[in-house]
Amino acid sequence: MWFLLYLASLPYPPLADYLMPRDAELALARSAAPATVTDHATIKVLTRTGYEIAVNGDNGFVCLVLRGWSAPTFTPAQFRQLVYDAKVRGPICYNPVAARTVLPYQELKARLAIAGKDPDEIAAAVKDAYADGKLPKMEQVAFAYMFSADMYLAPGVGAFHPHVMVGGNPFGGPLPFVSDDAGTPFTVTVIPVDHALAIKAQ
């Protein structure tokens, strides 16, 4: 408990620690899904003010590299501290539904973190934005690929199984399980797939 309290009191690392060279970020974002998806997807990269479009696509998918700010907003509580971990890299490709509904939520969290908001402030702002209609309602099943062999999700985890996100099974295991923010509109279900499907950034 004292460790979590200590982490909560830490300031964010410099924003430069979260940023990547543009070409490396594009390659990492494209490793999130098969080329049949990423070759025609919109690709976003992180800047000092938030995510911006680097490549315009034509299939409705949007790929980007999430940072620690994409950590669970509500539960599991201990994972909320990942906002302070500048090493986290989560390449992800959202399908058109997720691009409309989940992506605005993640982009809001990134802007809040860049502004220096802590996990409690981020959670409160997200809750208010959803209640006020500033975030789209999560009324359809959204889908995302996370197939990158180069993802780094947390200390001790590194590159988790390639998976899709669309429970009852144990957290972190090889079977589908409810992951982030269970019981909220932002609940994430993870479906791991075979390690052989992991995609290296080119």
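The points below go from the overall picture to single contacts.

1. **What we're looking at.** This is a predicted model, so local features need pLDDT of at least 70 and side-chain atom pairs count only at pLDDT 80 or more, while totals for chains, interfaces and linings use all residues. Residues are numbered from 1 along each chain as its sequence is written, and side-chain values use heavy atoms, with hydrogens and water left out.

2. **Confidence.** The average pLDDT (the predictor's confidence in each residue, from 0 to 100) is 86 for the protein, and 81% of the residues score at least 70. A contact here is heavy atoms within 4.5 Å.

3. **Layout.** The protein has five helices and eight strands. Both are DSSP runs numbered from the N terminus, with helices being H or I of at least four residues and strands E of at least two. Along the sequence the order is α-α-α-β-β-β-β-α-α-β-β-β-β.

4. **Surface.** The accessible surface is about 9900 Å², and carbon and sulfur atoms account for 59% of that; the areas come from the Shrake-Rupley method with a 1.4 Å probe, and for residues only the protein chains shown count as cover. Of the 202 residues, 47% are buried. Buried is under 20% relative accessible area, exposed is over 50%, and partly exposed is in between (1.4 Å probe, protein chains only).

5. **The largest core.** Which residues touch the most other members of the largest nonpolar core? They are Y12, L64, W69 and Y94, in a core of 33 residues. The elements giving two or more residues to this core are β3 (62-66), β4 (90-94), α4 (96-114), α5 (119-131) and β5 (144-146). Helix α4 gives the most, with 10 residues. For the record, a nonpolar core is a set of buried Ala, Val, Leu, Ile, Met, Phe, Trp, Tyr and Cys residues joined through side-chain atoms within 4.5 Å. In soluble globular proteins, nonpolar side chains tend to be buried together.

6. Click on L64 and you'll find it touching A29, K44, Y51, G90, P91, I92, Y94 and L103, leaving out residues up to four places away in sequence.

7. **Helix α2.** Helix α2 spans residues 22-30, and its buried residues are E25, L26, A27, L28 and A29. Their cover includes β1 (42-47), β2 (50-55), β3 and β4.

8. **The β1-β2 hairpin.** Strands β1 and β2 pair in the antiparallel sense over five bridges, where pairing requires that DSSP finds at least two bridges between the strands. A hairpin of two residues joins them. L46 has Y51 in β2 as its bridge partner.

9. **K44-E107.** The structure holds five salt bridges, each a side-chain nitrogen of Lys or Arg within 4 Å of a carboxyl oxygen of Asp or Glu. One of them joins K44 to E107, with the closest N and O atoms 2.7 Å apart. K44 lies in strand β1 and E107 in helix α4, so this pair ties together parts 63 residues apart in sequence. K44 is buried at 13% relative accessible area, and E107 is buried too, at 15%.

10. R80 and D120 meet at 3.1 Å, N to O. That pair links the loop between β3 and β4, where R80 sits, to helix α5, which holds D120, 40 residues apart. R80 counts as buried at 14% relative accessibility, whereas D120 counts as exposed at 52%. K200 and D150 also form a salt bridge, at 2.8 Å, N to O, and D150 is partly exposed at 28%.

11. **A cis bond to check.** Which peptide bond is cis? The one joining T75 and P76, with omega about -10°. Most peptide bonds are trans. P76 is in the loop between β3 and β4.

12. **A124 and F74.** A124 is in helix α5 and is partly exposed, with a relative accessible area of 39%. A124 and F74 are 50 residues apart in sequence, and their C-alpha atoms are 9.6 Å apart in space.
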